[in-house]
Amino acid sequence: MALIPEAVAFALIAGLSPLTGLYAAFMMGLVTSILGGRPGMISGATGAIAVVIVTLAATHGVEYVFAAVVLAGIIQIAAGALKLGKLMRLVPHPVIFGFVNGLAIIIFMSQLDQFKGGDGTWLTGMTLYVLLGLVLLTMLIIWGLPKLTKAVPASLTAILVVFGLVSLLNLDTKTVGDIASIQGGFPPFHLPSVPLTLETLQIIFPYAAIVAGVGLIESLLTLNIIDEITETRGRGNKEAVAQGIANMLSGVFSGMGGCAMIGQSLINISSGARARLSGIVAAVMLLVFIMFGSSLIEQVPMAALTGLMIMVSIGTFEWASLRTFTKMPKSDVFLMVLVTLITAFLHNLALAVLIGVILAALFFSWDNAKRIRARKNVDANGVKHYEMFGPLFFGSIAAFNEKFDVLNDPKEVIIDFQESRVVDMSAIEALNKLTERYHKVGKKVHLKHLSPDCKKLLANADEIIDVNVIEDPTYKLVVD
């Protein structure tokens, strides 16, 4: 029952018929509950997917949306089969905060359209006051009821109270039925009627890729959150395949597609659900409402859905992230704000996450580049030792080269990598150039305490590098 208003509201955000949202919620919820990698997690039509497909729906129509959702499903199945679920580890926390905050802003901004008339101008007078009053009442109930009791869903109670108030006082306000009928039967099988051409693929592929990426990010993020709450371990790649199959079926059964729902999943888990049956029952009962209770849902005031979605956006926003502004590194704060702005203004959630991950990697490289240090000493035999600290990779090569005094060093030099590591090809080339500089002035360089993987790197590059590695059989350095 809590799924219904959200599915309708998200379909309206995407500019589609409420039924496309409800059919998607049924198909996504049923398939992922049966096949998914995280029992107890609820999937359905979501705001993240709605904001991606809204442009495609407006420019090319609903048939292209169905085609894009099917293609997104295929991409997700491929991601699961290739075991790309572990790539979630590469998404840093500031990027996740930015992604979620941007999504919350989009959902909130999309609700402002409800305060405009058919001609696009803002409502005025009694119509506006009635709408505002009902929206605020909905928000108040959703906020306050859980503090009194959790026996009944707050969002459902709010909708029923507003529904009763509008009927009792005969208030003139817009309802779901005024926008579109949601009366339907079993989701009709319908192959997307789009031309099977390269041009169609060029139109839908960018949207499909973003839907697939955003769907997987939100689903795997939700899976990780539930793993922490339940202290169990879900299977990310299995969930990715299930999400893909669900989206493919949603696209051919007249649905808008979707992914895991953080809010609904947390409601389910906090209510004690740990098995697949909870999601299956939710999806089946949703279909029962579509088939037999549509006349009631059509009478739900839009003000109630608007209030609900504003509360969803408030709940989605990571308010804790604002408290980290003075505590987190400046690079992380910048990253979080940038991802939030890209998400909110470009409505491209996958691009925002991709840019965030790339920048996070660059910040990490920059920080590590400054961490390479050298401790120097000359032993009793006149051999100079350089003890290296920190990783030697493309970013730290300049600082590494500055540590050595080739002209003034003695005839024999030992570079000790016990506390360092040769990471990449650039590091190998730096070692090669350094040994060449020493060789030109008649001096010898030895490398000491290389871990097995570093030695392997040097062995693979033996055609371009010629250095003496001191064997140290008593010393074993952990590789990973």
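Predicted model: local features only at pLDDT ≥ 70, side-chain atom pairs only at ≥ 80, totals over all residues.
Q: How many residues does helix 7 have, and what distance does it reach from its first C-alpha to its last?

A: Helix 7 covers residues 154–169, which makes 16 residues, and it reaches 22 Å between its end C-alphas. That is close to the expected 22 Å. Just after helix 7 comes N170, with a positive phi of about 55°.

Q: Which residues of helix 7 are buried, and what covers them?

A: A residue is called buried when its relative accessible area is under 20%. In helix 7 the buried residues are A154, S155, L156, A158, I159, V162, F163 and V166. Their cover includes helix 1 (3–13) and helix 6 (125–148), along with helix 13 (294–297) and helix 14 (302–316).

Q: Into which domains is the protein chain divided?

A: The assignment gives domain 1 (2–364) and domain 2 (371–460). The C-alpha centres of domain 1 and domain 2 are 54 Å apart.

Q: Now for the strands. In what sense does strand 4 run relative to strand 3, and in what sense does it pair with strand 5?

A: Strand 3 (residues 373–378) and strand 4 run antiparallel and are joined by 6 bridges. Strand 4 pairs with strand 5 (residues 412–422) in the parallel sense, over 8 bridges.

Q: What lies between the strands of the hairpin?

A: The hairpin of strand 3 and strand 4 has 5 residues between its strands, and G382 takes a positive phi near 80° there.

Q: Why is strand 4 described as largely enclosed?

A: Because 7 of the 9 residues of strand 4 (residues 384–392) are buried, the strand is largely enclosed by the rest of the structure.

Q: Is V378 buried or exposed?

A: V378, which belongs to strand 3, is exposed, with a relative accessible area of 52%; the cut-off for exposed is over 50%. V378 stands opposite K384 in strand 4. Leaving aside neighbours within four places in sequence, V378 is in contact with V383 and K384. The C-alpha atoms of V378 and D409 are separated by 9.5 Å, while the two residues are 31 apart along the chain.

Notes: Residues numbered from 1 in each chain as written. Heavy atoms only, no water. Buried < 20%, exposed > 50% of the residue type's maximum accessible area, 1.4 Å probe, protein only. Helix = DSSP H or I, 4+ residues; strand = E, 2+ residues; numbered from the N terminus. Pairing = 2+ DSSP bridges. Expected span 1.5 Å × (residues − 1). Contact = heavy atoms within 4.5 Å. Domains from an automatic or database assignment.
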